[in-house]
Amino acid sequence: MDLLTIILKMAEGLEKTCAIFFLTLLFSIPLGMVVALLRGSKLKIVSGIARAYISVLRGTPLMLQLIAVTYGPYYLFGISVSRNKLIPVVIAFAINYAAYFAEIYRSGIESMPVGQYEAAEVLGYTKVQTFFKIILPQVIRRILPSITNEIVTLVKDTSMAFTVSYQEMFTIGKQIANSQTSFVPFIVAGVFYYVFNAIVSFVMGRVEKAMSYYKI
Amino acid sequence: MPVLSMTNIQKSFGENHVLKDISLHVDQREVVSIIGPSGSGKSTLLRCATFLETIDAGEIAYMDQKAVQTVNGKAVYAKNLKPFRKDFGLVFQNFNLFPHRTVLKNVTDAPISVLHRDPKEVKALAEELLGKMGLADRAGAYPCELSGGQQQRVSIVRALAMQPKILFFDEPTSALDPELTGEVLKVIKQLAEEHMTMVIVTHEMAFARAVSDRVIFMDGGVIVEQGRPEDVFGDTQEERTKQFLRHYER
Ligand SMILES: Nc1ncnc2c1ncn2[C@@H]1O[C@H](COP(=O)(O)OP(=O)(O)OP(=O)(O)O)[C@@H](O)[C@H]1O
Ligand SMILES: [Mg+2]
């Protein structure tokens, strides 16, 4: 198999790689906020559950979570493994990344000076208005570099989907490498990820710049 | 009718009894300064008046409407404090402007989104107030682009744009470089001349003397002495007040 064929074959999997990437962000970014807010709840049970969620999902390998979500239903309830593996893969990624995002949000929210809340309270803003108008925009600005880190990691982590044989780019590459006993697919994969992340860095750099119109 | 009535206020932080049965009544158009040593409870008094801290016992009323009452020795707050919040404004020592918003947005957002006032009218009022405070050309700037004195003047405008009946200041110049305090004191003085009802916690004795209708000296969670500035400063009655004022003589 020549290089071009390898590249083209692997590129077919890129669509799935991108699907994992964008769907994970789409679900984990808001889910992480929900977890972060629950984590800050005054109710001990609620914050305890959120804390346990974060602790388990950050404390166990993503690879295990992928296997658990994809094959767990079969072993536990005898439900056959869904033919469209995108769903379990995205669920596993989203709940895993939500745990990381939750911690980032939490540290961002905690870094806000109490005076911002007090000024808003005296002006009569409701709790919801205070959060969305005053706190959240500043938190986003503060946590953007950490979010960028996570997104860069996510690009590389999409390759984990090979553990459940989801036909994304890396899984295809690995199959070619095995059948052709060739190292080339891995180099191609490396280049793909590198370019993908270069784009991510460029975009996030733009976003960060757009948000730094004021000093913290 | 007093704008603010605080009656027999009790406030403790754990074991620390900070406000000991304090009463403070402020009439319309009155300018009251509160002076006193560090830790005497001045900020706590303002924070209780603005509901940033909850009192343990006592009564707080704005325009004769009770926001807090004491029932069986325990303070009971009104279910909805929102109607009371529009009666007062608070200017913080460290401004607490919203850094992600322009000066104009800092000033106009709360009147529009909290009080639901007409955006055009609010903008006009904001521009008028900014002009009055010498900030007409800074409306589009972000707080970080302003000097401390300008930031504090913006925060005064932000409070005024809510058209409160009473304005509280907690050491409005203490976070400023000495050369910037003058411009802030000047605008507060201007407000005093327009008979804006104000309660000002300050360490600027000359200023307190010049602008106030009444000066209150607090120490250890009680009001030790109060009266017309010429009396409190010129004909001091209490030994503790004399001791305190001696620190400011030069
Ligand atoms: N949130 C709080 N928790 C616990 N103790 C507090 C709190 N706020 C104030 N205190 C205590 O209450 C007392 C009065 O503090 P307060 O800030 O009202 O004094 P102050 O007169 O404003 O002093 P300063 O001139 O230094 O601003 C102090 O002993 C302080 O330590
Ligand atoms: Mg104070």
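Predicted model: local features only at pLDDT ≥ 70, side-chain atom pairs only at ≥ 80, totals over all residues.
In chain B, residues 24 or more positions apart account for 64% of the contacts with a separation of 6 or more.

Let me turn to the overall dimensions of the chain. A compact globule of 250 residues would have a radius of gyration near 18 Å, and chain B agrees, because its own value is 18 Å. Along the principal axes, the C-alpha trace of chain B spans about 50 × 50 × 35 Å. Of the 250 residues in this chain, 57% are buried.

What does the accessible surface of chain B come to, and how much of it belongs to carbon and sulfur atoms? The total is about 11,000 Å², and carbon and sulfur atoms hold 45% of that. As for charge, chain B carries 30 positive side chains and 33 negative ones. The centres of these two sets lie 5 Å apart.

I come now to secondary structure. Chain B contains nine helices and 11 strands. Among the strands, I would draw your attention to β5, residues 65-71, and β6, residues 74-77. These two strands of chain B run antiparallel and are joined by four bridges.

Finally, the turn itself. Which residue takes a positive phi in the hairpin of β5(B) and β6(B)? The residue is N72(B), with a phi near 50°. The hairpin has two residues between its strands.

Methods:
Residues numbered from 1 in each chain as written. Chains lettered and ligands numbered in written order. Heavy atoms only, no water. Rg over C-alpha atoms; globule rule 2.2 N^0.38 Å. Buried < 20%, exposed > 50% of the residue type's maximum accessible area, 1.4 Å probe, protein only. Contact = heavy atoms within 4.5 Å. Areas by Shrake-Rupley, 256 points an atom, 1.4 Å probe, with all protein chains shown as cover. Lys, Arg positive; Asp, Glu negative; His and termini not counted. Charge placed at Lys NZ, Arg CZ, Asp CG, Glu CD. Pairing = 2+ DSSP bridges.
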